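Me: Let's go through this model together. Keep it brisk, please.

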Amino acid sequence: MGNWIKKTFKKYSYVFNLVLVVAALAFAGVTIYQCVQIKNYYSVRQTEMTQIKNALISLEQYVAACPPTEGNPVGAQIEIAYPSTIDDLDEISDVLSIVQEDNAQAMSRINNHLLIFSILITVVTIIIPILNYAFIQKDQIKRLDKQYKKSKEELKVVKEASEQAVARLNEQYEEYSRKSHDELIGIMNKSEQEIKRVQNQIDQMTDISKNLIGSKSKRDQEPVVAITKVNPISESVHDRATAHAINAKLHFVNDNYKQALIETNKAIELEPDEAENYSFRCVLMNVLNQYDKALSDIDKAISIEPENAWYYYNRGQTLHMLKRSDDALEATEKAIELDSNDAAFYRNKASILLDIKRYSDALAAAKKAIDLKPEVTSYYISSTALFLMKRYKEATQELEEALKLDSEEPKTYHLFAVQYHTMSAEAKAKGNDEEAQKYDEEAKKYGQLAKEKGYIPEPDDEV
């Protein structure tokens with residue numbers, strides 16, 4: 001029975017508390033109402049007593065003013081009864097005593113109600129916290145205690161798991177440290193091998209550089225000791241193919257084109273997917289005047305690396321040699337599209353435009369090449385375009401700019417001689433012998449300088 005009461009109260013504890021509070025408030029309301037009523041009753045009686053007192057005083061004064069006389073020996077006599085049910089009141093003081101007693105009883109009832117209300121409020125104030133603790137907070141404290149114990153156990157489990165995880169991490173770290181040490185030793189060994197490999201490559205490239213410098217010095221007829229072969233820096237397929245490709249270039253700069261072709265073929269045989277080798281063989285085929293084979297090689301290179309601008313440049317040169325000017329121009333435009341900052345592409349475009357007699361376009365392309373990188377060849381093309389447009393003074397100014405870049409280049413003097421010779425012939429045709437003679441003297445002067453610089457005339461040099 002006790003457990004049922006406890007469970008019921010626990011379940012409906014808030015309802016019980018609410019009912020108790022409402023009951024206390026109702027009793028308080030009733031008490032306050034009764035107190036108000038008693039107060040009003042007391043006030044009314046107090047007023048009545050004041051009125052009675054005043055009336056009695058006035059009556060006493062009246063009686064005193066009307067003493068017995070001969071005509072009225074009794075005088076004024078008054079009979080008072082308060083309350084009407086009491087018949088033994090002979091004095092006014094008795095009436096006042098009864099009124100005062102009624103007022104005292106009214107005040108006693110007020111005090112009794114206030115005492116009961118105070119006791120009830122005190123009981124409610126004490127009982128509600130006790131019941132709240134006994135049936136609600138006590139259980140909450142027990143639940144919190146259980147949760148604390150549970151959390152403590154879970155924390156203990158987590159702590160044990162953390163310690164185990166730390167132990168595993170320490171083991172893994174030690175194992176990783178051992179492996180890293182072994183791997184580091186292996187990397188150091190490989191690094192030593194790679195350093196030797198790179199050192200061999202540097203040595204060979206140093207020799208190659210000397211050889212290339214020597215090839216460029218042929219004009220000065222200086223004796224040069226040049227290597228003609230390099231060995232692969234390892235036995236891997238790539239390094240062997242690279243060695244053949246380098247040897248091909250060494251033979252090329254030494255004008256040994258057939259041997260260069262043999263080395264290039266070996267490089268391609270080892271690495272058939274290396275686009276650069278096909279591009280270089282295209283250059284070799286152009287030098288050997290085998291333009292159709294050159295075109296096939298450069299197309300193969302483009303199929304492997306379609307975004308390489310230089311391959312389209314080589315294709316444009318090959319097509320230009322095949323007299324396929326429109327196709328050559330298209331390939332060169334593609335090279336410029338892929339890389340618009342290379343002067344060689346614009347120079348090749350200017351050369352093609354010059355051949356198809358688009359002189360203004362050729363001049364613009366040559367000027368663009370000069371803006372990117374001033375070179376003697378670009379000035380030759382711009383000068384030739386201006387000369388063919390009969391802008392002779394500007395043409396010679398372009399050649400003067402070429403001389404500023406390289407005053408030892410014999411072809412520049414030869415072009416001066418050709419232009420002045422042509423200008424002399426035009427002046428003679430117009431009957432201006434004096435001007436023709438001046439141009440002829442300039443042509444002879446520059447022709448002599450070209451011979452002194454070692455120029456060998458070529459058919460393609462004629463304007």
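**Salt bridges, helices and rings**

Reply: K444 and D440 are four residues apart in helix α15 (residues 433–452), so about one helical turn separates them. Helices here are DSSP runs of H or I with at least four residues; strands are runs of E with at least two, and both are numbered from the N terminus. This is a predicted model: local features need pLDDT of at least 70, side-chain atom pairs count only at pLDDT 80 or more, and totals for chains, interfaces and linings use all residues. Residues are numbered from 1 along each chain as its sequence is written, and side-chain values use heavy atoms, with hydrogens and water left out.

Me: What does K444 form with D440?

Reply: A salt bridge, with the closest N and O atoms 3.6 Å apart. The term means a side-chain nitrogen of Lys or Arg within 4 Å of a carboxyl oxygen of Asp or Glu.

Me: Is K444 buried or exposed?

Reply: K444 is exposed, because its relative accessible area is 58%. The cut-offs: buried is under 20% relative accessible area, exposed is over 50%, and partly exposed is in between (1.4 Å probe, protein chains only).

Me: How many salt bridges are there in the whole structure?

Reply: The search finds 15. One of them joins D297 and R281, at 2.8 Å between the closest N and O atoms. D297 is in helix α7 (residues 291–304) and R281 is in helix α6, so the pair is a link between distant parts of the chain, 16 residues apart. Both D297 and R281 are buried.

Me: And which salt bridge does K390 make?

Reply: K390 meets E426, at 3.0 Å from N to O. That pair also links distant parts of the chain, 36 residues apart. K390 is in the loop between α12 (376–388) and α13 (392–405), while E426 is in helix α14 (residues 410–429).

Me: Why does E426 count as partly exposed?

Reply: Because its relative accessibility is 22%. K390 is exposed, at 54% relative accessible area.

Me: Which residues are linked in a network of salt bridges?

Reply: R347, K373 and E375.

Me: Step back now. How many helices and strands are in the chain?

Reply: There are 15 helices and zero strands. The chain has 463 residues, and 29% of them count as buried.

Me: What about contacts across the chain?

Reply: Take contacts between residues at least 6 apart in sequence: 52% of them join residues at least 24 apart. A contact means heavy atoms within 4.5 Å.

Me: On to α9. Which of its residues are buried?

Reply: S325, A328, L329, A331, T332, A335 and I336. They cover an arc of only 165° around the axis, so they are on the same side of α9. The arc is that of the directions from the helix axis to the C-beta atoms.

Me: What is exposed on the other side of α9?

Reply: D326, E330 and E337. The buried residues, in turn, pack against α8 (309–321) and α10 (343–355).

Me: What should α9 span?

Reply: Helix α9 (residues 325–338) has 14 residues, which at 1.5 Å a residue should span 20 Å. Its end C-alpha atoms are 20 Å apart, which agrees. The expected span is 1.5 Å times one less than the number of residues.

Me: Now N286. Where is it?

Reply: N286 is in helix α6 (residues 275–287). It counts as buried, because its relative accessibility is 10%. Leaving aside neighbours within four places in sequence, N286 contacts Y291, A294, T318 and M321.

Me: Last topic, rings. How many aromatic pairs are there?

Reply: The count is 11. F252 and Y257 form a tilted one, 5.5 Å centre to centre with 55° between the planes. Rings of Phe, Tyr and Trp (its six-membered ring) pair if their centres lie within 6.5 Å; planes under 30 degrees apart are stacked, over 60 edge-to-face, and the rest tilted.

Me: Which residues do ring pairs link into a cluster?

Reply: Y413, F416, Y420, Y439 and Y446.
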